[in-house]
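Q: Could you take a close look at one part of this model for me? I'd like to hear about the sheet and how its strands line up.

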Amino acid sequence: VQLQASGGGLVQTGGSLTLSCAASGSRFSINAMGWYHQAPGKQRELVTTVTSSGRTNYADSVKGRFTISRDNAKNTVYLQMNSLKPEDTGIYYCYVFVSAMMYWGQGTLVTVSS
């Protein structure tokens with residue numbers, strides 16, 4: 001399974017970005033999809049997940065600001081990020097679960113300037 005993430009970039013505090021991650025090459029249905037965030041010098045942390053049935057959960061730090069969604073027909077997961085803060089800066093990695101195996105995208109860099 002290959003994941004291709006896109007949509008990162010430079011944005012000012014309070015701005016918005018939308019990340020996308022398209023999965024390909026899977027012979028089986030994709031289960032959960034989601035995003036992790038790795039801030040500079042820190043460990044990767046879970047931001048949000050959406051299950052195959054559409055149930056979502058979010059880290060407290062992004063609740064009310066970020067929205068995850070998925071298009072099952074396109075095997076694509078999206079992350080709408082609003083009201084961005086400097087602490088949101090870092091690399092965002094998408095992931096999917098397929099048949100209990102976890103696959104990662106290559107990461108996309110988000111930089112929020114103050």
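Q: Which residue in E3 is the bridge partner of Leu3?

A: That would be Ala23. Before going on, a word on the ground rules: this is a predicted model, where local features need pLDDT of at least 70, side-chain atom pairs count only at pLDDT 80 or more, and totals for chains, interfaces and linings use all residues. Residues are numbered from 1 along each chain as its sequence is written, and side-chain values use heavy atoms, with hydrogens and water left out.

Now the pairing itself. E1 and strand E3 (residues 17–24) run antiparallel to each other, joined over five bridges. Strands here are DSSP runs of at least two residues (E), numbered from the N terminus, and two of them pair if DSSP finds at least two bridges between them. In general, strands of a sheet pair through backbone hydrogen bonds, either parallel or antiparallel.

Zooming out, E1 and E3 belong to an open sheet of four strands, ordered E1-E3-E8-E7, with antiparallel pairing. Strand E1 (2–6) and E7 sit at the edges with a single partner strand each, so one side of each has no neighbour in the sheet. From one strand to the next, the twist averages 15° (axes are lines fitted to C-alpha atoms, and angles run from 0 to 180 degrees between N-to-C directions).

Val62 is buried, at 4% relative accessible area; buried means under 20% (1.4 Å probe, protein chains only). Val62 and Thr48 are 14 residues apart in sequence, and their C-alpha atoms are 8.5 Å apart in space.

Conventions. Buried < 20%, exposed > 50% of the residue type's maximum accessible area, 1.4 Å probe, protein only.
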